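Subject: Structure handover

Hello,

Here is the structure I promised to pass on. Please open it alongside this email.

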Amino acid sequence: MSSQDWGYSVENGPATWIEKFPEARGARQSPVDIDTSRAGSGGSAPPLVWRYSVNHPRSVVNPGYCWRVDENGYHSELRGGPLGSDVYKLQQWHCHWGAVNGEGSEHTVDGRSFSGELHLVHWNMTKYNSFTEAAGQPDGLAVLGVFLMVGSKHEELDKVVKLLPYIMHKGDKVTFSEPLDPSHLLPRRTTYWTYPGSLTTPPCTESVTWILFKDPVQVSAEQLALMRKLRCGEASCGEEAMELLHNYRPTLPLGNRELRDYGIH
Ligand SMILES: [Zn+2]
């Protein structure tokens, strides 16, 4: 097997994942297209509430398929909305993007793509003891999805984007202490769609309650361009065929899963 088991190239891209990761064939896969006409009302759920730590060291990592910010175990939590009485802890957040503006989001809305999608990954600390344990359970993870559209520079996100030149290759990592508030990555209005799904990267485990904000947030074209410069291989691999121009999985059927709508559009 090559050093790169999976990725987004023709050789190792999403169409090939089912060969190595059987769960990727399942009926609860993500992403999906959000058909807004199919979304049922969420009714009177309690509000979605987050309480995020701002002042602690974080790491920005290039795992070979995106950039990812690790929260390093500091306490940040999400509760309410579709999550019942369980409390979910923020583990990491990362981004998906496309080769050109106007594509790059994993989820689509009525067939429309956005230029990127942020994922804030939380695990159920009420029921499970670790992220790894939770990631294998049907109610183990809750991911907030935020669509990115091209517009003005995103100042909070720039605290990470400006570090990307230091993590160009797979395995690179930098730690930073600049205060950062993950809640500033979310849109102002808390209106969202939710459905049961999976991780969108191998092993594509069906453990995610998806919460997708309806309102996109803006990032600049320059910020997206910096993301596309990341490489999916190690520095020693040479420079050819290592581009990470896009890293989104195409949508899969919603099937008979329930899609719910919280808040007016
Ligand atoms: Zn993701």
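Below is what was found in it, from the overall build down to single residues.

Please keep in mind that this is a predicted model.

**Overall build**

The protein has 15 strands and four helices. Along the principal axes, its C-alpha atoms fill a box of roughly 55 × 40 × 40 Å. Take the contacts in the protein with a separation of 6 or more: residues 24 or more positions apart account for 72% of them.

**The core**

In general, nonpolar side chains tend to be buried together in soluble globular proteins. Here, the largest nonpolar core has 57 residues. Trp67, Val143, Val146 and Ile211 have the most contacts inside this core. Strand 10, residues 141–150, gives the largest share of the core, with seven residues.

Have a look at Val146. Which residues is Val146 in contact with, leaving aside its neighbours within four places in sequence? They are Glu117, Leu118, Leu185, Leu186, Pro187, Phe213 and Val217.

**Backbone points to check**

As a rule, most peptide bonds are trans, and most residues other than glycine have a negative phi. The following spots depart from that rule.

First, the cis peptide bonds:

- Ser30 and Pro31 are joined by a cis peptide bond, with omega about 5°. Pro31 lies in the loop between helix 1 (17–20) and strand 1 (33–34).
- The bond from Pro202 to Pro203 is also cis, with omega near 10°. Pro203 sits in the loop between strand 12 (192–197) and strand 13 (208–213).

Next, the positive phi values:

- Asn72 is not a glycine, yet its phi is positive, at about 60°. Its place is the loop between strand 5 (68–70) and strand 6 (77–79).
- Cys204, also a residue other than glycine, has a positive phi near 60°. Cys204 is in the loop between strand 12 and strand 13, and Pro203 is in that loop too.

Are these two residues buried or exposed? Asn72 counts as exposed, because it has 12 C-beta neighbours inside 10 Å. Cys204 has 26 C-beta neighbours inside 10 Å, so it counts as buried.

Then turn to the loop between strand 12 and strand 13, where Cys204 is placed.

Best wishes

Methods: Residues are numbered from 1 along each chain as its sequence is written. This is a predicted model: local features need pLDDT of at least 70, side-chain atom pairs count only at pLDDT 80 or more; totals for chains, interfaces and linings use all residues. A nonpolar core is a set of buried Ala, Val, Leu, Ile, Met, Phe, Trp, Tyr and Cys residues joined through C-beta atoms within 7 Å. A residue is buried if 20 or more other C-beta atoms lie within 10 Å of its own, exposed if 12 or fewer, and partly exposed in between; C-beta atoms are placed from the backbone. Helices (H or I, at least four residues) and strands (E, at least two) are DSSP runs, numbered from the N terminus. Two residues are in contact if their C-beta atoms, placed from the backbone, lie within 7 Å.
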